[in-house]
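Reader: Before we discuss the terms used for this model, could you show me the sequence and the structure?

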Amino acid sequence: MKIVMIYDQIQSGLGTKDDQMVPLTGKKGPIGPAVMMEPYLAQTEGHVEACLCCGSGTFLADPGEVSRKLCAMVNKLKPDVVMCGPAFNYQDYAAMCAKVALDIHRSTDVKAFAAMSEENEEIIKAYKAQVVIVRTPKKGGPGLNSALKNMCDMAKALAQGDDISGFKDRFCF
Amino acid sequence: MLKKLESVLMPLAEKIGKNKYLIAVRDGFLLSMPLLIVGSFFLLIANFPIPGWTHFWARFFGDGWTSYFSKPTDATFSIMAVLAVVGIGYSFSEQMHVDKLFGAAISMVCWFLIMPYKILTEGSSVSGIPLNWVGSKGIFVGIIVAFLSVHIYAWVNKKGWVIRMPDGVPPTVAKSFSALIPAGVAVLVFFIINIVFAMTTYGDAFTFIFTILQTPLLRLGNTLPAMVIAYIFLHLFWFFGVNGGSVVGAVFNPILQTLSAGNLAALQAGQPLPNIISQQFQDLFATFGGCGSTLSLLIAMLLFCRSKRVKELGKLALIPGVFGINEPLVFGLPIVLNPMVLIPFMLVPTVNIVISYICMSIGLVPLCSGYAIPWTMPVIISGFLATGWQGAVLQFLLLILGVFLYMPFIKMMDRQYLADEAKGDDDKDGDDIDFDDLSFDDL
């Protein structure tokens with residue numbers, strides 16, 4: 001299973017909270033949370049091909065254009081599934097995850113889902129009918145591991161075209 | 001196995017992290033921390049750990065020069081329970097959603113209410129606030145009183161038994177009137193408590209709590225097993241990505257700080273220091289460079305590892321590591337959820353604690369004097385300031401021992417990273433993905 005991750009500047013390690021204008025870029029291979037996911041990825045025979053990253057400010061400046069470019073890159077890389085997140089309680093990043101996951105779903109043949117914490121109430125409310133959103137904790141700590149595992153399980157189920165209604169009840173919004 | 005451990009530890013960490021009493025104690029003590037460090041600074045000048053220091057300066061400034069320097073200490077350490085009560089009352093009021101300033105004030109008043117205003121001098125007694133009880137000996141009573149009085153304050157508030165002022169009255173005036181009845185009820189309750197304790201053989205609540213609770217708890221905290229167990233838990237929490245220091249510290253730090261204050265009081269009085277385990281013992285001898293004593297790990301990384309990933313991280317983490325900050329290592333190496341470093345991560349601090357404890361109990365190294373030395377003070381300097389040159393030597397030796405304990409484990413990781421990097425170099429056609437490569441058709 002080939003996976004592509006979508007990160008903001010913080011999760012990709014390219015910047016801090018204040019470096020919002022990191023331009024759209026990408027790295028081959030796993031970085032950020034994908035590294036922590038490795039044991040669960042191994043269980044699901046997943047492999048992170050690439051991580052696409054963009055500062056949250058860069059996204060907010062022109063969501064449509066950034067999302068279009070991300071979709072085009074996803075289309076070019078042709079992964080089995082795209083994980084947008086984990087966005088935790090970072091609101092701007094969560095908004096990016098939800099929109100990009102929806103756009104990938106609409107404009108490509110690739111499966112995609114988002115992951116964030118319940119603090120992003122409005123985004124979850126606006127998108128949960130159209131996008132699969134996996135529940136994560138607010139930050140690291142309690143529940144982080146199971147959330148990462150859930151993301152891998154969801155990726156596998158989506159990639160294989162399995163029925164995801166059980167997963168949706170258990171760990172999605 | 002790890003999964004089982006996680007399922008036990010995580011809910012525990014969450015419970016401790018969300019417990020409002022523990023949060024209040026933890027945050028409340030923070031009020032006194034900067035003041036105690038400032039107080040320590042003056043005391044340290046007066047008692048610098050070099051033999052003959054005091055006498056040397058006495059030649060220039062006269063014999064009594066140190067008494068001026070102990071004044072800032074008297075104003076901070078000797079009244080640290082006052083700061084603790086106010087701090088805990090304040091932060092607990094925040095947890096209980098009542099006015100913080102009044103909560104702190106009510107806590108302090110109730111605490112003074114049950115304190116015996118009696119100073120014993122050679123058989124007779126005079127009236128006055130006893131320094132005895134406003135120092136470290138009064139801390140545990142202070143914690144209990146702050147909780148109880150703020151609870152009463154919040155309870156009366158919730159019942160709605162408050163005087164409300166019409167609109168147009170300035171908010172500060174309205175606030176002070178609305179605190180009137182809750183404060184009155186709290187004072188009444190402690191008024192009764194004071195009378196009840198006066199009828200017992202203890203005579204007052206301070207003596208009662210000190211004998212029944214504080215002394216046994218401190219005795220328990222001042223043992224090697226207690227310290228080792230606390231630190232094993234602390235590191236397990238870190239392993240699962242939870243700040244172990246703040247979880248375990250919420251329970252353990254009040255005890256450690258009281259033990260430290262006991263040492264400092266003895267130092268000022270010129271008596272032998274009573275406690276081996278104390279806040280400084282934990283901060284300065286259990287770990288160097290942050291949890292897991294990772295300064296040793298850092299040295300091992302820089303000296304013995306060859307993979308780019310480990311070396312670069314080592315360079316990056318060195319400066320913060322010297323000052324006891326090791327988040328780059330904890331999350332970058334990573335140590336969190338990395339079973340390969342779990343063993344030395346827990347072993348090195350344990351070894352440090354055991355060896356330091358033995359050295360101090362057989363008299364090789366003097367006990368920590370109780371100066372509040374910030375945990376960010378670099379190793380060797382901190383040991384020197386806390387105990388004298390013997391402490392600096394002990395720290396240095398433990399640091400080196402830690403390097404060798406970490407070495408086999410980090411080398412194992414290093415070999416794996418090296419192999420990864422060699423493989424990565426082979427199929428490398430540029431690591432970056434360039435969005436400029438997207439053609440118009442792709443979009």
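Predicted model: local features only at pLDDT ≥ 70, side-chain atom pairs only at ≥ 80, totals over all residues.

Reader: How do you know that the span of helix α16 of chain B agrees with its number of residues?

Author: At 1.5 Å a residue, the 15 residues of the helix, 308-322, should span 21 Å, and because the end C-alpha atoms are 21 Å apart, the two values agree.

Reader: Where does α16(B) bend, and what follows within four residues?

Author: The bend, of about 35 degrees, is at B:Leu316, and the proline B:Pro320 follows within four residues. Just after α16(B), B:Gly324 has a positive phi of about 80 degrees.

Reader: Why is the pair B:Asp432 and A:Lys27 called a salt bridge?

Author: The rule asks for a side-chain nitrogen of Lys or Arg within 4 Å of a carboxyl oxygen of Asp or Glu, so the N to O distance of 2.8 Å between the side chains of B:Asp432 and A:Lys27 meets it. Across the interface of chain B and chain A, the rule finds one salt bridge. On the side of chain B that touches chain A, α1 (2-18) and β3 (432-433) each supply at least two residues, and α1(B) gives the most, with four residues.

Reader: How many residues does each chain bring to the contact, and what area is buried?

Author: Chain B brings 19 residues and chain A brings 18 residues, and together they bury about 1700 Å², 62% of it on carbon and sulfur atoms.

How values were computed
Residues numbered from 1 in each chain as written. Chains lettered and ligands numbered in written order. Heavy atoms only, no water. Expected span 1.5 Å × (residues − 1). Bend = angle between axes of the 7 residues up to and from the residue. Contact = heavy atoms within 4.5 Å. Buried area = accessible area lost by both parts, 1.4 Å probe.
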